[in-house]
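Have the model open as you read.

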Amino acid sequence: MKKIDGTPKTLRELFTGVKYTVHYYQREYMWGKKQIEELIEDLTSEFLEYYSEDNSLKDVPSYGHYFMGSIVLTDNENAIIDGQQRLTSLTLLLIYLYHNLEDGEEKAEVLNLFYFRKSGEKSFNLNVEEREECLKALKNDESFDTIDKPESVRNIYRNYEYIEEIFPEEVKGQALLFFKDWLLDNLDFIRIITQAEQDAHKIFVSMNDRGLSLTETEMLKGYLLSEIKDDKERNKCNDMWKQTILNLKELDKDNDLTFIKNWLRAQFAASIRDTKKDAVPGDFDIIGSAFHKWVRENSSKIGLYKSDNYEFFIKNDFIKFSKVYQRLLKYSTEFDKEYEHVYYNANNNFTLQYQLILASIDPKDSEEIVNKKIKLVSCFIDLFVISRVFNFKTVDYSAIKNRVFDLTQQIRRLSIEELAEYLFNYLNKSEFEVKEGARWFYLNGFTKRYMLNIISRMTNFIDQEIGLTYSFEDYVSRDIQNPCDIEHVVADHFNQHTEEFESEESFQKYRNKFGSLLILPRDKNRSYKDKVYEEKKEMYFSENILARSLNEKCYQNNPQFLKFIDKYNLKFRPIEHFTRQAIVERQELYTELAEIIWNNEKLLELKQ
């Protein structure tokens, strides 16, 4: 092997005027929601450690740095041997910044890092032919159909949508400009260039296959087992541990880590880092970065004094909570009517639900009590999240983790009665109400990520009430050939509505109101897009019940629907012309539906 060249590089240096290739035999771009969430959380949290509204951009170079690891390339054509997942994901983050920065020069600076001219041709920094069309659509802020596209392309498009959904509010606005500078100049890599491709692969193998250090999970297991004196019992515990970790990893390769972090935070963490600059990390933070060390240093706090305690900790606590966690993961991805709220919360990307649910469970709880607590806490989380969303309040991880941590401590191991009473009172004392928020709710950049979930819930609620067999999954799944999208009842043609609206701004305000939206299959959404309401109304009659309700035929020979209207005293009516007044009425109808679906009284029902 010839001499290896390893050089420190910032993200700006890696992406300035350099195009990278990915050979056909390399693995696909495989990162998913979990990895994107971790990347955004790690980067924005590190940035917020240093950022202050009192700073100027001149202060950014003095902020701390974040190390992103090594990138292995071949010298002849900049082929990426190791680092494709990170570089692709960071390219998507740059595209997000490009669309959300307001200053033209700043936007151009970011654009030139991921899309620029070289050798007389403009192309992306990741110069992979099959990805070009998708990246162009993202750059131009256009929709893109991923059906029948390669796996890498599907993941790229989906992960960009994830970034749009989860990017924290506190890093938007003015802070985004600071974050951009920090990302470009304080994100560090080691670029390793080899003169021969074979050498690059040798380095990749040596970095990943030799001298592997123990994972946090393995170090925690080693510590716990070392404290068990009886050889026979230690071996039993080891076998139980290994099988449990194997079960977790079958669902996702990092599930052992995420489970243990959630479990320890839920059951034992007593402190969290303050939001002020230079604050000391608390239990919550240390568990997130080095839980094996935290358990060792806090063994007495969690009841680990002698051999029997360590044995019981594995055989009872570890096994019990890991089984609950695996159930929660299943309910998050496979709709189960009995545990429906776990699925709703996962669909809203509220990952902190696992911590809260595990916090409520006592190791001594029976299976029946555990089941009730899962339903109770997941329902509370749904009510909590939706009430905030209706009032335009963020539920992003970084903004809400301290509040959730406080809740975690308050509900830790409560009885069913205590838990239901605490959660019910918590919601009733909240300054955010579904009804008040829904009256003013509309589609914008923030609510976009939740609107499909909310309207799908309303549609499916009516389905269930009138005996239709549709599932919530049918409306929100993105993995089917023709997924649902948000449908504007009013087409985007201000010139057709000048008699009712004094300005285009007023027209857009009403067009985006909650009551002026539906969900439709993507192909129908696109084909109906430019049609006037009177044409759409007839077409809507073949769609879901909420869309059909606009047509007078929905109220003929439809006893179950009419019975449903009477049951809840709802003001459903067919609408001949979708005027400004009709939008106001429809908004009020949606508000009434929302109040029925997201009602705090459900918590008291679930404790029975």
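A salt bridge here is a side-chain nitrogen of Lys or Arg within 4 Å of a carboxyl oxygen of Asp or Glu. Side chains of opposite charge can pair in this way when their charged atoms come close. Please keep in mind that you are looking at a predicted model.

Start with Arg-478, which pairs with Asp-485; their closest N and O atoms are 2.9 Å apart. Arg-478 is partly exposed because its relative accessible area is 32%, whereas Asp-485 counts as buried at 17%.

Next, find Glu-543 and Lys-524, whose closest N and O atoms lie 2.8 Å apart in a salt bridge. Glu-543 sits in the loop between helix H24 (533-540) and H25, and Lys-524 in helix H23 (residues 522-528), so this pair ties together parts that are 19 residues apart in sequence. Glu-543 is buried, with a relative accessible area of 8%, while Lys-524 is partly exposed at 27%.

Asp-362 is buried at 13% relative accessibility, but Lys-364 is exposed at 72%.

Salt bridges can also be linked: Arg-12, Glu-106, Glu-109, Lys-180, Asp-181 and Asp-185 form a network of them.

Which residues form a negative surface patch? They are Glu-28, Glu-129, Glu-130 and Glu-151. Of these, Glu-151 belongs to helix H6 (residues 151-166) and is partly exposed at 33% relative accessibility.

Methods
Residues are numbered from 1 along each chain as its sequence is written. This is a predicted model: local features need pLDDT of at least 70, side-chain atom pairs count only at pLDDT 80 or more; totals for chains, interfaces and linings use all residues. Side-chain values use heavy atoms; hydrogens and water are left out. Patches are made of residues with over 30% relative accessible area and no salt bridge: like charges are joined within 9 Å, nonpolar side chains (Val, Leu, Ile, Met, Phe, Trp, Tyr) within 5 Å. Accessible areas come from the Shrake-Rupley method with a 1.4 Å probe; for residues, only the protein chains shown count as cover. Lys and Arg count as positive and Asp and Glu as negative; His and the chain ends are not counted. The place of a charge is taken as NZ of Lys, CZ of Arg, CG of Asp or CD of Glu. Helices (H or I, at least four residues) and strands (E, at least two) are DSSP runs, numbered from the N terminus. Buried means under 20% relative accessible area, exposed over 50%, partly exposed in between (1.4 Å probe, protein chains only).
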